Amino acid sequence: MSRTIIVNLLRFILLVFIQVFLLKNISLYDLSTPYLYILFILLLPFETPNILLFALAFILGLTIDAFYDTPGLHITACVLLAFVRILFISITVQKDGFDNEPEPTLSNMGFRWFFTYALVLTLIHHFFLFIMEVFRFDEIQYTIGRAVLSTIFTVFLILVSGLLFYKSKERK
Amino acid sequence: MRNLLIFITKYNAFFLFIIFEVIALVIYIKYNSFQKATFINSSNQVTGNLYQQVGNFKSYLHLQDVNDSLARENARLRNQLKTSFYVDSAAKHKVVDTVYKQQYEYIDAAVINNSINRRNNYLTINKGSRAGVAKGMGVICPQGVVGKVVFVGAHFSVVQSLLHKETVISAALAGTKDLGSFIWGDNLDPHVGLLYDVLNSASPRLGQQVVTSDLSLFPAGVPIGKISNLHSKNAKGSFLNMDVILAVDFSKLQYVYVVNNKLAAEQLGLEAQQKKDE
């Protein structure tokens, strides 16, 4: 239990650092900007209580906002992300499967599930984030384009990180 | 109550989501000036449109009151207008005609009643005997001859306009001073009159101006109109006949001057004596 907390804490710090000091400066043609920090919420254990999940999402968003100077923007997106995560997991994962695989990682859940999971959640998060950022529907095509391209970038990075920390099931 | 709690715990994710999201949105909108402005603006667009619709509808219901108040205001403003006051002390402008030693006096007046489409047309002006208007005086306006005074009251006078069967004015061709008589004629066109009895020796041109002659009750040279046709169809008399476009648009007549020829009494008296002698 304490190991899970430490791992997640380290992950939180690492992802925020990567996001704020590295990915913040990366932007492909002003269209595709990755938001890898959401990986923290994606990888929280299945057993996380809902209130804790929302609280963590809130804190994560607040931290990112503090660095991005956009108070509230990432919080709204992260809270939505947490909600979508709860829905997605309750729909796709059996309750009894929680004991075997505590965390929804690539190595635990398999590529197909994890890819869908990451794609859907990232897409929703990014859409919401960009729409909230623009806060109007005038340039909706541009906003959607940015969201889709950023989603591709972020999902790519999520999959890469998942492969980097891939643990084969035999070792467990 | 228990059911409610069960319901809330069952869907706790949704309620937690609502709570956190609302907090986040409050933070977002409160601390970001652009979103704040946009949020307030978009809500203003909605409410503003609604208010405008309701206002448009309401304005119909208030039309009666608005009409009444406008009518009242109109009446009040009209009361303040100069034209609604009867000017008791008439301003008189004097013109000293040094050549003929005649003295004409002009009394300004406003036309308060007018007609142009009858066989015999009269107009009423707002100056009467108190202002010095007397029967037989000529009436002109800045554009030309209007008519002559036929009835005089204390405050009003009736003017027999040029558009009258009985009106005959001694006219002359401007420049050559060939005399003639001007009448409205029989065509009943309020813009065209007839100049007749011009000597055959005269050579009128199209467009030549027709003015009052020295023999008329008007000052000499007041415009009557311009020649538009050298051979009028409504011929009268045995000399030259010509159509004249009137200089005055009687339908738009608003202000006129009554001409007081101070020597008219003397002239008429002498002429009456002459008639007696014959």
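Two strands are said to pair if DSSP finds at least two bridges between them. Helices (H or I, at least four residues) and strands (E, at least two) are themselves DSSP runs, numbered from the N terminus. With these terms, chain B of this predicted model can be described as holding a barrel, closed by 6 strands in the order 7-8-9-12-11-10 with antiparallel pairing.

Residues are numbered from 1 along each chain as its sequence is written, while chains are lettered from A and ligands numbered from 1 in the order in which they are written. Because the model is predicted, local features need pLDDT of at least 70 and side-chain atom pairs count only at pLDDT 80 or more, whereas totals for chains, interfaces and linings use all residues.

## The two chains

Chain A has 7 helices and 0 strands, and its pattern along the sequence reads α-α-α-α-α-α-α. Chain B contains 5 helices and 13 strands. A residue counts as buried if 20 or more other C-beta atoms lie within 10 Å of its own, as exposed if 12 or fewer do, and as partly exposed in between, with C-beta atoms placed from the backbone. By this rule, 35% of the 172 residues in chain A are buried, and 29% of the 278 residues of chain B are buried.

Two residues are in contact if their C-beta atoms, placed from the backbone, lie within 7 Å. Among contacts between residues at least 6 apart in sequence, those that join residues at least 24 apart make up 69% in chain A and 56% in chain B.

## The barrel of chain B

Strands of a sheet pair through backbone hydrogen bonds, either parallel or antiparallel. In the barrel, the 6 strands pair in the antiparallel sense, and the twist averages 40° from one strand to the next. Axes here are lines fitted to C-alpha atoms, for helices over the stretch in contact, and angles run from 0 to 180 degrees between N-to-C directions.

Strand 7 (residues 169-173) of chain B has 4 of its 5 residues buried, so it is largely enclosed by the rest of the structure.

| Strands of chain B | Bridges | Facing residues |
|---|---|---|
| strand 7 and strand 8 | 4 bridges | Ala171(B) and Gly180(B) |
| strand 7 and strand 10 (residues 209-212) | 3 bridges | Ala172(B) and Val211(B) |
| strand 8 (residues 179-183) and strand 9 (residues 192-198) | 3 bridges | Ser181(B) and Tyr196(B) |

The hairpin of strand 7 and strand 8 of chain B has 5 residues between the strands, and there Gly175(B) takes a positive phi near 95°.

## Nonpolar cores

A nonpolar core is a set of buried Ala, Val, Leu, Ile, Met, Phe, Trp, Tyr and Cys residues joined through C-beta atoms within 7 Å. The largest one has 48 residues, of which Ile140(B), Val146(B), Val256(B) and Val258(B) touch the most other members. Neighbours within four places in sequence aside, the contacts of Val146(B) include Ile140(B), Val159(B), Leu162(B), Val248(B) and Val256(B). A second, separate core has 45 residues, among them Leu42(A), Cys78(A), Leu80(A) and Met132(A).

## Where the chains meet

The contact between the chains takes 18 residues from chain A and 14 residues from chain B. On the side of chain A that touches chain B, helix 3 (50-68) and helix 4 (73-92) each supply at least two residues, and helix 4 gives the most, with 7 residues. This side of chain A divides into 12 nonpolar, 5 polar and 1 charged residues. For such counts, Ala, Val, Leu, Ile, Met, Phe, Trp, Tyr, Cys and Pro are nonpolar, Asp, Glu, Lys and Arg are charged, and the others, Gly among them, are polar.

Helix 4 of chain A packs against helix 2 (residues 12-31) of chain B at an angle of about 170°, with axes 8 Å apart. These two helices are therefore roughly antiparallel to each other, a term for angles over 145 degrees, just as those under 35 count as roughly parallel, 65 to 115 as roughly perpendicular and the rest as oblique. Among the residues that meet are Val79(A), Phe83(A) and Ile86(A) from helix 4 of chain A, and Phe17(B), Glu21(B) and Tyr28(B) from helix 2 of chain B. The residues of this contact divide into 13 nonpolar, 1 polar and 1 charged.

Asn50(A) lies in helix 3 of chain A and is partly exposed, with 18 C-beta neighbours inside 10 Å. Residues up to four places away aside, Asn50(A) touches Ile86(A), Asn12(B), Ala13(B) and Leu16(B).
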